[in-house]
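Let's look at how two protein chains meet, and how the parts of one chain pack against each other. Keep the picture beside you as you read.

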Amino acid sequence: MKRVSLFTICFLIFIASWVFLKYVVGGLISVPIPNSVIAMYMALILIAILVHVSVEDTRFEEFIRPIHETLVDEKRSTRRVVLAVLIPILMLGYTYTNIAQKANPAGDPRVAHPVPPSEFILTHKDKEIGTMQEVENPYRHYEKDDPEEFKSHVENGRNVYYDNCFVCHGDHLDGKGHFAHGFQPLPANFQDPGIIPNFQESFFFWRISKGGPGLPNAGTPWNSAMPVWEEILTEEEIWDVILFLSHYTGYSYRSFGEGH
Amino acid sequence: MRCCSPKTLKRIYFILAVMLLGFALFAVLPAFAQDVTDEEYRPFPMIGSRNAAWIAAQLHLLFGSFILGVPMFAVIIEFIGWKTKDERYDRMAHEFIKLCMGAFSTTALLGGVLVFILVWCYPKVLSKLSGIFGPTMIFYVVLFFGETFTLYIYYYGWDKMQGRFKWIHLVLGVLLNLWGTAIMFVSNTWLTYQTSPATQFKKLSNETKEAWIESMLTQNPEMTRAEVLEGITANSVIPLHNEAGDFLANVWEAVNNFTWMPVNIHRLIGNIAFGGSIVAAYAAFRFLVAKTKEDKAHYDWMGYNGNFIALCGLIPLPFAGYWLGREIYMFNNTMGINMMGNLFSWLFIIQAVMIGVLFIGANYYLWSGMGRIEGAEIYARYRPYMIAIIVICVAVWMTPRTLSTISSASELSAMGGANHPHLGFFGLMTAKNTAVNIIILTTFLSFLFYRRSGKTPTASWKGIGNIVISILFFLGAVLIVVIGIVGFSKKLPDGFRVNVLTPWQVMVALGVMVVVTIIDIFMYRKATTSGTIKWGGMTERSQYVLILLAITFTSLMGLMGYARSGLREGWHIFGVHRDTSVDAFTPTLSEAVNMVSIIMVIFFALVGFIFWLGLWGEKKKQPEVPMETVAENND
């Protein structure tokens with residue numbers, strides 16, 4: 001039986017990797033992976049293959065032999081003809097799929113997280129509370145000092161959440177509320193390990209109290225549908241709902257220097 | 001036609017550089033007087049003030065990094081040569097310092113240019129900074145003269161101080177490094193202060209504490225002293241200016257600001273890595289153009305050493321960077337979020353890609369090098385697995401957390417948000433730190449294989465030794481992954497990830513490397529040589545990899561410098577002195593990439609010119625044939 005060339009093996013590994021990422025990981029195991037991320041992974045796989053075949057001269061020669069033969073060997077004219085037909089067809093297909101796209105608008109242009117202006121002073125309505133760096137949840141200390149009092153604040157936070165927030169952020173705080181799918185970007189998922197552990201409580205106070213309209217000019221458009229909750233909730237209610245978020249999910253808020 | 005000898009040319013060049021620096025220093029003196037001019041800014045023609053300062057500062061930094069990094073390993077190599085009585089090392093150290101000489105003058109020239117630009121374009125900013133840091137600037141000048149004369153004695157006295165005076169020469173080399181490191185530490189104070197003009201309460205003198213309390217009471221007349229101090233702990237962040245921008249502290253407190261020491265350490269290690277990579281790229285170029293086998297052998301050996309030095313610097317670099325990031329978060333959480341989760345977050349994906357290139361490239365070079373060692377074939381079977389591990393870890397490292405900007409609306413909808421439900425975990429630092437530590441361990445394994453190639457240990461316990469080493473690697477990798485998984489857990493105490501888990505991951509990786517190195521040194525102490533290294537037998541591809549590594553290092557330094565500097569956003573001194581110039585906006589990532597690319601091209605053009613100048617008129621001499629054999633079939 002004729003031995004399969006190294007080039008063919010590498011080519012098959014490359015294609016198999018793409019199928020694995022696109023249809024196995026992005027289909028059978030999980031939800032689809034964006035094409036841009038697949039392209040990134042495929043570039044790495046290509047580099048891995050090229051590294052493997054080019055480290056040693058002998059293997060590199062073995063790898064490029066079929067390419068060389070296809071280009072210059074008189075016996076390989078059929079291959080050349082096939083490639084001469086195939087390459088333009090592939091390019092045509094690529095061009096067509098790019099020009100004749102279905103209506104599929106670009107994703108949300110926002111970067112990872114909104115960030116308050118650096119000189120930001122935390123306020124509730126017109127009342128100054130302090131700088132983002134200094135302010136702590138005034139009821140957090142009850143967790144150790146007075147567990148009963150802490151529990152009552154958490155319960156109050158639970159009521160505030162289910163009265164106001166769950167329709168978007170979901171019954172289980174997972175961002176899958178009834179209205180969630182009407183929004184782009186989707187409401188925050190507090191069960192995600194990258195949300196609560198990455199921010200201090202003062203950050204949450206800022207986001208809740210100022211809502212979408214309070215987001216900074218930098219990084220616009222944010223397209224956030226979050227209401228300005230300081231007009232509806234009291235300062236205590238906002239701090240209580242912040243306690244409830246971490247109590248329910250089990251995640252701790254970020255402290256100085258801490259993060260995920 | 002030759003007007004003068006290369007040596008004279010170099011001297012003229014050096015004198016010019018010193019003169020320019022001298023003029024610059026005189027020019028900066030008026031800046032010591034406050035409000036010397038009413039003009040806040042003066043425009044730089046054509047390219048604008050910021051771009052002019054950016055180009056000059058970045059070029060100055062790149063050359064500075066080279067001339068500070070190279071003497072560090074040159075003196076170590078010289079010491080090895082002295083102890084082993086192997087002249088090859090001495091010659092190589094001399095050649096490294098020779099490369100430094102031209103670059104030294106250029107660094108001074110560029111420093112002068114930078115000062116001119118700052119004095120001309122940003123008089124008030126410089127006035128403010130010099131008002132605070134005046135004494136350090138005088139200290140800087142003293143250090144600069146110290147370094148200049150030490151370098152000259154060190155270089156020109158190389159041949160004269162052989163033999164019984166060699167130890168004095170080595171002391172001079174160490175002194176040269178001390179001067180250089182001190183210079184860098186001093187200049188780092190100015191730029192780190194611009195980013196983080198604050199320090200912790202415990203670091204303040206009693207006078208400054210009083211001045212700060214007074215300023216708070218003036219600012220808030222309704223408050224009492226007790227109320228000002230309420231909630232203030234030893235670690236509280238205290239700004240060193242009052243609301244009006246007046247400086248409240250002393251020079252040392254300004255020097256010892258939040259980011260000063262992390263930047264010092266990060267740059268110190270980075271200089272070694274960068275210096276090694278530039279030397280390796282130089283050797284690669286000389287290898288590629290070499291006409292004789294001896295030349296090829298020599299520059300192959302030099303390239304190997306340069307890459308080894310770069311690797312030694314590269315391995316601890318992520319840890320130092322992590323510390324710097326942590327300090328930025330501690331100084332100002334908003335700045336931290338901006339860095340890792342907002343304005344500069346995509347820069348860190350680019351950083352991951354580039355560091356991935358560095359690690360893949362460095363490993364590639366080591367694996368290629370094993371091709372010229374007889375007996376290294378036995379390790380080739382592990383290579384595909386090592387490639388797979390490194391590439392998977394790089395993939396984890398470069399996976400973005402938030403995919404909204406690179407996904408279509410339908411892709412976002414399919415994922416149920418901006419984070420992929422599974423790959424999204426790779427976007428968190430817990431996963432990325434795990435990946436980095438595994439990459440570092442794998443790179444260390446590559447080096448171990450390289451070191452062992454062509455040698456057979458004679459120690460009676462070699463079997464047990466190999467088992468112990470294998471178990472150490474396995475346990476180390478398992479521990480790193482387990483710690484990484486624990487990092488995703490809920491209910492972790494405050495600060496546990498940053499203060500406990502991450503340091504433990506680092507300790508495990510470093511611990512494995514240290515213990516394995518010790519075992520390996522003892523195991524191979526009396527090893528027999530089963531195969532020689534055919535110096536000069538490297539593939540040409542591997543030499544291009546060395547050049548790629550130098551380019552990647554240079555780009556990375558430029559881009560991360562943009563992040564460090566850009567984090568201030570609309571401030572010259574964060575929170576103190578606002579930038580009201582036409583350049584007050586933060587450049588976009590694409591603009592930064594373009595600028596860094598332009599600077600990189602200028603840098604390599606200058607480096608090429610300086611190296612050529614250094615070689616100009618060099619007498620054709622037979623290079624030292626470095627090792628056991630010169631490859632027979634390397635044409």
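What follows is a short briefing on the contact between the chains, the domains inside chain B, and the confidence of the model.

This is a predicted model, in which local features need pLDDT of at least 70, side-chain atom pairs count only at pLDDT 80 or more, and totals for chains, interfaces and linings use all residues. Residues are numbered from 1 along each chain as its sequence is written, chains are lettered from A and ligands numbered from 1 in the order in which they are written, and side-chain values use heavy atoms, with hydrogens and water left out.

**Where chain A meets chain B**

- Chain B brings 69 residues to the contact and chain A brings 64 residues, where contact means heavy atoms within 4.5 Å.
- The size of an interface is often given as the accessible area lost when the parts come together.
- Here the two chains bury about 5,400 Å² between them, with 59% of it on carbon and sulfur atoms; buried area is the accessible area (1.4 Å probe) that two parts lose on being put together, summed over both.
- Three salt bridges link chain B and chain A, a salt bridge being a side-chain nitrogen of Lys or Arg within 4 Å of a carboxyl oxygen of Asp or Glu.
- One salt bridge joins the side chains of A:E56 and B:R383, at 2.8 Å from N to O.
- Between chain B and chain A there are also 13 residue pairs in polar contact, both residues at pLDDT 80 or more. A polar contact is a pair of N or O atoms within 3.5 Å; within protein, one must be able to donate a hydrogen and the other to accept it, and residues adjacent in sequence count only if both atoms are side-chain atoms.
- On the side of chain B that touches chain A, α14(B) gives the most, with seven residues. Helices (H or I, at least four residues) are DSSP runs, numbered from the N terminus.
- By class, that side of chain B has 35 nonpolar, 24 polar and ten charged residues. Ala, Val, Leu, Ile, Met, Phe, Trp, Tyr, Cys and Pro count as nonpolar, Asp, Glu, Lys and Arg as charged, and the others, Gly among them, as polar.

**Domains inside chain B**

- Chain B is split into domain 1 (1-197 + 257-365 + 535-623), domain 2 (198-255) and domain 3 (373-404 + 420-532), with bounds from an automatic or database domain assignment.
- The C-alpha centres of domain 1 and domain 3 of chain B are 30 Å apart.
- Domain 1 of chain B puts 19 residues into its contact with domain 3 of chain B, which puts in 25 residues.
- These two domains of chain B bury about 1,900 Å² between them, 80% of it on carbon and sulfur atoms.
- In domain 1, B:F319, B:Y322 and B:N363 lose the most area to domain 3, together 31% of what that side buries.
- Zero salt bridges are found across this domain interface of chain B, while four residue pairs are in polar contact.

**Confidence**

- Chain B averages a pLDDT of 89, and 91% of the residues score at least 70; pLDDT is the predictor's confidence in each residue, from 0 to 100.
- Over residues 32-36 of chain B, pLDDT stays under 50.
- The model scores ipTM 0.86 and pTM 0.87.

Notes. Helix = DSSP H or I, 4+ residues; strand = E, 2+ residues; numbered from the N terminus.
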